[in-house]
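Hello,

Here is the structure I promised to pass on to you. Please open it next to this message, and my notes on it follow below.

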Amino acid sequence: MILSIITAFFFPKVQNILKNSDLITLKSQIALIQNGIKKQKTKNILLQKDEKLSNLDSAKSGVENEKLFSNILDETIFSTTNSEKKSGLWAKISDSKYLFFVKDDIFEFAFDGYSFICTSKEELCKSLE
């Protein structure tokens, strides 16, 4: 009985810690992705190329363990799938749309050739600020 009381008290706290950990991961990876895009744009300017970045990676949509954001990052970020929805991981749903899973929330992002922005509900996007 004592064990069940202790478990009932600590389980929600552990869940909250895990969710916060996933949000920290998301925020840091967004910063990496946005900096990678800026770095590529700056490189194109210096090389006098008038090209916009066409895609962030050559990963297949809806496939697990694909290397995401490989065109702009040195660090490897592996994908999950939209059906698996593994917390703390990204899923590619099209050439320009990505999802990030955090426990009960799904953050959606879009790439338009110049920026990587949150396209989820406003309250979710504001939680990343």
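A residue counts as buried when its relative accessible area is under 20%, as exposed when it is over 50%, and as partly exposed in between. Please keep in mind that this is a predicted model.

One disulfide is counted here, and it joins Cys118 to Cys125, with 2.0 Å from S to S. Cys118 has 23% relative accessibility, so this residue is partly exposed. The torsion about the S-S bond of Cys118 and Cys125 is about -80°, which means the disulfide is left-handed.

Next, the sheet. Four strands make an open sheet in the order β3-β4-β5-β6, and the pairing is antiparallel. At the edges are β3 (90-92) and β6 (116-118), each of which pairs on one side only. From one strand to the next, the twist averages 30°. Strand β5 (residues 105-111) runs antiparallel to β6 and is joined to β6 by three bridges. If you want a spot to look at, Ala110 stands opposite Ile117 in β6.

Now to the aromatic residues. The structure holds eight aromatic pairs. One of them is formed by Trp90 and Phe116, a tilted pair with 5.9 Å centre to centre and 55° between the planes. This pair links distant parts of the chain, as Trp90 sits in strand β3 and Phe116 in strand β6, 26 residues apart. Are these two residues buried or exposed? Both Trp90 and Phe116 are buried. They also belong to one aromatic cluster, together with Phe69, Tyr98, Phe100 and Phe109.

Several of these names come back in the nonpolar core. The largest such core has 23 residues, and Leu56, Phe69, Trp90, Phe107, Phe109 and Phe116 are those with the most contacts inside it. At least two residues of this core come from each of α1 (2-46), β4 (97-102) and β5. Which element gives the most to the core? That is α1, with five residues.

Finally, have a look around Phe107. Leaving aside residues up to four places away in sequence, Phe107 touches Leu23, Leu26, Tyr98, Leu99, Phe100, Val102, Ser120, Leu124, Ser127 and Leu128.

Best wishes

Note on methods: Residues numbered from 1 in each chain as written. Predicted model: local features only at pLDDT ≥ 70, side-chain atom pairs only at ≥ 80, totals over all residues. Heavy atoms only, no water. Pairing = 2+ DSSP bridges. Axes fitted to C-alpha atoms, helices over the stretch in contact; angles between N-to-C directions. Phe/Tyr/Trp six-rings, centres within 6.5 Å; stacked < 30°, edge-to-face > 60°. Buried < 20%, exposed > 50% of the residue type's maximum accessible area, 1.4 Å probe, protein only. Disulfide = S-S within 2.5 Å. Core = buried A, V, L, I, M, F, W, Y, C linked by side-chain atoms within 4.5 Å. Contact = heavy atoms within 4.5 Å.
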